[in-house]
Amino acid sequence: MEEIIETGIAIIGAGPAGSTCALHLAEKGIKCILIDKAIFPRDKICGDAISGNAVYELEKLGASFPGLFTNFEEKIATSGIKFVAPSGKSLYLKMKKIREGFTHAGYVSERIHYDQFLLEQVKKDSLIKVMEGIQIHEVVEASNHIQLKSKDGKLIIKAEMVVGADGAHSAIAKLTGRTDIDKQHYSGGLRQYWENVTGFDEGNPIELHFYKNTLPGYFWIFPMNGNKANVGIGLKSDVISRKKINLKQLLESIIREHPSVSPRFAKAKPLEEPKGFGLPLGSKKIPLSGNRFILLGDAASLIDPFTGEGIGNAMISGRMAANHIDLCLKEKKYDVIFNAQYDQAIYKKLGDELNISQRLQKMLNRPWLFNWIVKKANKNQHLHSFIEDMLDDPNQRKQITKPSFYYKLIFNPKT
Ligand SMILES: Cc1cc2nc3c(=O)[nH]c(=O)nc-3n(C[C@H](O)[C@H](O)[C@H](O)COP(=O)(O)OP(=O)(O)OC[C@H]3O[C@@H](n4cnc5c(N)ncnc54)[C@H](O)[C@@H]3O)c2cc1C
């Protein structure tokens, strides 16, 4: 016999998007159930970089979070980002904005630990019922609820409102009619944990290496706790298909043969085979909701197309989803028209930023431009500082995509 649970709000997926949404709902006094197919702690293929956006969202989770995160040991602080241009020249950008109560602007934390850290906070809250080891397989719209069925057929959940935070291969997103991956707005990524990689700069910046054969993506080396490193590569899926790129071979060849990379791996040891996962990019507007459901994080394709960061946007969408659900409950409205307000709110908040990142991604098709900016910024302190400010300010980032930026740079570099 199957068990039937009737509930108000069911969140599917307990990654950063789902956990954040549950915590904000609880803060508003709203009960929910949070379901995940995995039993935590669970791994998630990722670069593990916790950007400034994600730290901001940790701050938004409540006054206790800066302290909780400071005491959370499974992380390493990072001072900034080192960009390596196709020319081989690098540009170090310090992340300047440190949030109140935090020690640094950014961190690196293995997702097995970071997601567990968030879920531990969730489990402390009596308004949230966490259900692990349940894979939602069948999703059916009914007149006054959505019915979710587990893969083993033993559990049926009837929810008044469903929150799809179930990642890149979302079962809930299928309700929008989305079935295939749009390769122009999707990337493939590989991650491999290593130990004893050498040559990190002081302050442990994360490193993005834009080599000619990785464009418009990049190879990365991110320092981790315990002399470990997260090493990987990400590239747009349409480029992978068109150029018939074997991502694993490309990753291995960079590690083995690239003159500035391979010496750093001379005494290093891989801790696993490279593992792959998809990145649904936010470079195209898509429906994020329908009757009685909304989508967050990767299920809503909110990954930054230039940097590949998705944790911060997943958490932002989690917070905004909780705000929207609060409205739904107050107005007693869960329909497609009412829920479209959630789509509007998300794209109002993130649309411009995603758009700028897409333009930056397109600029990577002109490697000479990247080389030129890196060369100039290394010589010109004013420009260097201006580009550093772009890390925190999307409006400033917009400047670099405008012809006037280059005009000023050439004819009046101090303005
Ligand atoms: C190779 C790679 C590198 C990346 N590097 C970075 C980085 O350095 N920094 C960064 O910010 N972002 C990075 N990202 C993106 C980041 O990993 C995602 O954007 C982020 O995990 C999205 O969070 P989420 O909560 O939406 O989804 P997820 O973290 O994927 O969580 C979804 C959850 O849903 C559960 N689930 C899935 N299907 C079901 C189902 N049917 N039933 C029940 N549960 C289900 C899963 O078990 C999972 O726990 C990277 C991604 C990849 C692939």
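**Close-up 1. Where helix H2 meets helix H7.** Asn53, Ala54, Glu57 and Lys60 on the H2 side touch Ile311, Gly312, Asn313, Met315, Ile316 and Arg319 on the H7 side; contact here means C-beta atoms, placed from the backbone, that lie within 7 Å. Sorted by class, the contact of H2 with H7 has four nonpolar, three polar and three charged residues. For those classes, Ala, Val, Leu, Ile, Met, Phe, Trp, Tyr, Cys and Pro are nonpolar, Asp, Glu, Lys and Arg are charged, and the others, Gly among them, are polar. This is a predicted model, in which local features need pLDDT of at least 70 and side-chain atom pairs count only at pLDDT 80 or more, while totals for chains, interfaces and linings use all residues. Residues are numbered from 1 along each chain as its sequence is written. Helices (H or I, at least four residues) and strands (E, at least two) are DSSP runs, numbered from the N terminus.

**Close-up 2. The geometry of the H2 and H7 pair.** The axes of H2 (residues 52-60) and H7 (residues 311-331) come within 7 Å and cross at roughly 30 degrees. That makes H2 roughly parallel to H7. Axes are lines fitted to C-alpha atoms, for helices over the stretch in contact, and angles run from 0 to 180 degrees between N-to-C directions. Under 35 degrees counts as roughly parallel, over 145 as roughly antiparallel, 65 to 115 as roughly perpendicular, and the rest as oblique. The crossing of H2 and H7 is left-handed, the term for a near helix turned anticlockwise from the far one by less than a right angle, with right-handed used if clockwise.

**Close-up 3. H7 again, now against helix H8.** H7 packs on H8 (residues 336-363) at an angle of about 150 degrees, with the axes 10 Å apart. The two helices are therefore roughly antiparallel to each other, and H7 passes H8 in a right-handed crossing. H7 brings Asn313, Ile316, Ser317, Met320, Ala321, His324, Cys328 and Glu331 to the contact, and H8 brings Phe338, Gln341, Tyr342, Ala345, Ile346, Lys349 and Leu350. Nine of the residues in the contact of H7 with H8 are nonpolar, four polar and two charged.

**Close-up 4. The two faces of helix H6.** In H6 (residues 247-257), look for Leu251, Ile254 and Ile255, which are buried. Buried means 20 or more other C-beta atoms within 10 Å of a residue's own, exposed means 12 or fewer, and partly exposed is in between, with C-beta atoms placed from the backbone. Down the axis of H6, the buried residues fall within an arc of 95 degrees, so they line one face of the helix; the arc is that of the directions from the helix axis to the C-beta atoms. Their cover includes strands S12 (186-195), S14 (218-223) and S15 (228-236). Turned away from the buried side are the exposed residues Gln249, Arg256 and Glu257.

**Close-up 5. Two cis prolines in loops.** Phe40 and Pro41 are joined by a cis peptide bond with omega about 0 degrees. Pro41 sits in the loop between strands S2 (32-36) and S3 (49-50). The peptide bond from Leu215 to Pro216 is cis as well, with omega near 5 degrees, and Pro216 is in the loop between strand S13 (206-209) and S14.

**Close-up 6. Positive phi without glycine.** Lys244 is not a glycine, yet has a positive phi of about 50 degrees. Lys244 lies in the loop between helix H5 (237-242) and H6, and counts as exposed with 6 C-beta neighbours inside 10 Å. Arg292, also not a glycine, has a positive phi of about 65 degrees. Its loop runs between strands S18 (289-290) and S19 (293-295), and with 21 C-beta neighbours inside 10 Å, Arg292 counts as buried.

Technical notes
Two residues are in contact if their C-beta atoms, placed from the backbone, lie within 7 Å.
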